[in-house]
Amino acid sequence: MASAKLSTLSSQWFANNSFSPRRRSSPRRVSLPIRASSYQHELLQTAKTIASPGRGILAIDESNATCGKRLASIGLDNTEVNRQAYRQLLLTTPGLGEYISGAILFEETLYQLTTDGKKFVDILRDQNIVPGIKVDKGLVPLPGSNNESWCQGLDGLASRSAEYYKQGARFAKWRTVVSIPCGPSALAVKEAAWGLARYAAISQDNGLVPIVEPEILLDGDHPIERTLEVAEKVWAEVFFYLAENNVIFEGILLKPSMVTPGAEHKEKASPETIAKHTLTMLRRRVPPAVPGIMFLSGGQSEVEATLNLNAMNQSPNPWHVSFSYARALQNTVLKTWQGRPENVQAAQKALLVRAKANSLAQLGRYSAEGENEEAKKGMFVKGYTY
């Protein structure tokens, strides 16, 4: 009798719940919002163009203040005319498009013309180089952290991005940083990851492929194993929030730091060691859907940055593993130019030498034989700002 009563109660309970066998024929539907940017096809095409074999990114998006420091190193005043002259030298280099697929510009440059009245964005398009734009507003102190920073610029980003798209930009760059000597704190890592994810979603909504760049600074005396540990933590957080914000992974590019020891560590790592640790981090954290990994040089010498990239391309990778260098492409160029019109051709030739070297490194075919001593000089600056 008790058994029969229990059976009756059980039947009633199943009948009143959604997973009752009688209800499985018409399951309750759960609607999940799926974000599909109206620019999705274009975003994928842009990312694919930038991540094309043997090519990488030329980063000339330094703020006016930082560009002024570069100009001061060769005795030039920080004026718009001098900034324009230098950037014109870079962007009008004949044959640059053979090795460079994208150029990150500062806002001033995006709207500038050459001295003969041609838009810089049109100069780039003529060489099949995609114009990009720096959209962040720089680093500021992060309250509640261990003397760390956060990146500002989300306010008004959608409207600015729409204007940049109209001007011809097709990808964007947002740089935030993580400091190992400062911890990094969980707060700083989360802030960096969330900010990057929001920026990436806003960029895609406005037709710009976002470069996702949480730079892990070289500052410190820590070993390479510590850098790997922090990099894995940072990139895990970044991809979690990218997914939370429904960012299309096929329509982004990454700009990570290479996994190296701290700049003040007593032992220097070989290119093979750096490649091993960096690729370990990427394989553990980066989905193969991401089309391109465009490394920053972070103060390495021109030759170091190229050797390390070459070491990473000695075997196949799921992604296009390439470069997005600023100083590691421009250092010798600037010193060759010296602000003199008669040196422009020689400076452009120096740019092509470095661009070709990194193109070969992207293909895994670079040799440092014949490199000059200037290209081997390190460019690390403690606490470097853009």
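Colleague: What makes you say that both faces of E7 are covered?

Modeller: Buried means under 20% relative accessible area, exposed means over 50%, and partly exposed is in between, with a 1.4 Å probe and protein chains only. On one side of E7, Val209, Ile211, Glu213 and Glu215 are buried, and on the other so are Pro210, Val212, Pro214 and Ile216. That makes eight of the eight residues of E7 (residues 209-216), so the strand is largely enclosed by the rest of the structure. By the way, this is a predicted model, where local features need pLDDT of at least 70, side-chain atom pairs count only at pLDDT 80 or more, and totals for chains, interfaces and linings use all residues. Residues are numbered from 1 along each chain as its sequence is written, and side-chain values use heavy atoms, with hydrogens and water left out.

Colleague: How do you know that E6 and E7 are joined?

Modeller: Strands (E, at least two residues) and helices (H or I, at least four) are DSSP runs numbered from the N terminus, and two strands pair if DSSP finds at least two bridges between them. E6 (residues 171-178) and E7 run parallel and have eight bridges, so they pass that test. Lysine 173, for one, has isoleucine 211 in E7 as its bridge partner.

Colleague: Why is the crossover from E6 to E7 called right-handed?

Modeller: Point the strands away from you: if the path from the first strand over the helix to the second runs clockwise, the crossover is right-handed. Here the β-α-β path goes from E6 through helix H8 (residues 186-205) to E7, and it is right-handed. E7, helix H9 (residues 224-244) and E8 make a right-handed unit too.

Colleague: And what pairs E7 with E8?

Modeller: Two bridges, in the parallel sense, with E8 being residues 253-254. Valine 212 has leucine 254 in E8 as its bridge partner.

Colleague: What makes this a barrel?

Modeller: Eight strands close up in the order E1-E2-E3-E6-E7-E8-E9-E10, with parallel pairing. Look at E10 (residues 320-325): E1 (residues 56-60) pairs with it over two bridges, and E9 (residues 292-295) over four. Methionine 294 stands opposite serine 322 in E10, while isoleucine 57 stands opposite serine 324.

Colleague: Which way do the side chains of E10 point?

Modeller: His320, Ser322 and Ser324 point one way and Val321, Phe323 and Tyr325 the other, and all are buried. With six of its six residues buried, E10 is mostly covered.

Colleague: How do you know that H2 has a buried face?

Modeller: The buried residues of H2 (residues 40-50) are Leu43, Thr46, Ala47 and Ile50. Down the helix axis they fall within an arc of 95°, so they line one face; the arc is that of the directions from the axis to the C-beta atoms. His41 and Lys48, on the other side of H2, are exposed.

Colleague: What counts as the largest nonpolar core?

Modeller: A nonpolar core is a set of buried Ala, Val, Leu, Ile, Met, Phe, Trp, Tyr and Cys residues joined through side-chain atoms within 4.5 Å. The largest here has 104 residues, and among those with the most contacts inside it are Phe239, Leu254, Ile293 and Trp337. H9 gives the largest share of this core, ten residues.
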